[in-house]
Amino acid sequence: GDERNATSTRVNLGSVFAELGDFEGAEEAVRAALAGAERMGLHDSASAALCNLGHVLAYRGNLGEARLLEQRAIEAFHRHGDQRWEGAARTYLAKIALLSSDLAAAARTAHEAAELLSVAPPLRPVARAVEARAMLGQGLAGEALAAAEEAFAALVTLGALEEGEAL
């Protein structure tokens, strides 16, 4: 069969499983995609799999490995000049920092993600929403409200986001 397309499909399938809350199924799909991508030397697919796997592992409670995978993905996307994927990975890294109760890192990383995601408007509001949560946790209610209002206004304007509307 077509292993390249199967690998890409597994990365996407993992994202769908994660969005539906099936983090075990997501991990299985994304780990298979990562193994296939690395075996075939598909660097873009491997980086996307790292990014998605980090996100999944965070919600499975494995914050240390999740953080390392997101950092690897960010480095790869940055090296290739892919602002969209780098921004998505930084958003996931900010969520990991939030789950780890590192509010300052979460706010800083989410802000960096939002800046990068000016090239991908449907992804930017999620970064701003994560930033708002982190700032609220730091007692910065005014700044948090401004970030949340920006995220909500973008949602209204766009009509839908690629992911993360619940934030």
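Which side chains meet in a salt bridge of 2.4 Å, N to O? The side chains are those of arginine 60 and glutamate 27, and they open the legends below. The model is predicted, so local features require pLDDT of at least 70 and side-chain atom pairs pLDDT 80 or more, whereas totals for chains, interfaces and linings use all residues. Residues are numbered from 1 along each chain as its sequence is written, and side-chain values use heavy atoms, with hydrogens and water left out.

**View 1. The salt bridge between arginine 60 and glutamate 27.** A salt bridge places a side-chain nitrogen of Lys or Arg within 4 Å of a carboxyl oxygen of Asp or Glu. Because arginine 60 lies in the loop between α3 and α4 and glutamate 27 in helix α2, the pair ties together parts that are 33 residues apart in sequence. Helices are DSSP runs (H or I, at least four residues) numbered from the N terminus. Arginine 60 is partly exposed, at 42% relative accessibility, whereas glutamate 27 is buried, at 14%. Buried denotes under 20% relative accessible area, exposed over 50%, and partly exposed the range in between (1.4 Å probe, protein chains only).

**View 2. The salt bridge between arginine 31 and glutamate 65.** The N to O distance is 3.3 Å. Arginine 31 belongs to helix α2 and glutamate 65 to helix α4, and the two are 34 residues apart. Both are partly exposed: arginine 31 has 33% relative accessibility and glutamate 65 has 29%.

**View 3. The salt bridge between glutamate 131 and arginine 128.** These side chains meet at 2.5 Å, N to O. The two residues are three apart in helix α7 (residues 124-137), and therefore about one helical turn separates them. Glutamate 131 is buried, at 5% relative accessibility, and arginine 128 is also buried, at 12%. Elsewhere, salt bridges with shared partners join Glu27, Arg31, Arg60 and Glu65 into one network. The whole structure contains 10 salt bridges.

**View 4. The largest nonpolar core, with 23 residues.** A nonpolar core is a set of buried Ala, Val, Leu, Ile, Met, Phe, Trp, Tyr and Cys residues joined through side-chain atoms within 4.5 Å. Leu34, Cys51, Leu53, Ala73 and Ala89 touch the most other members. At least two residues come from each of α2 (23-40), α3 (43-59), α4 (63-79) and α5 (83-99), and α3 supplies the largest share, eight residues. Beyond its neighbours within four places in sequence, leucine 34 is in contact (heavy atoms within 4.5 Å) with Ala46, Ala49, Leu50 and Leu53. Another core, of nine residues, lies apart from this one and includes Ala106, Ala107, Met135 and Ala144.
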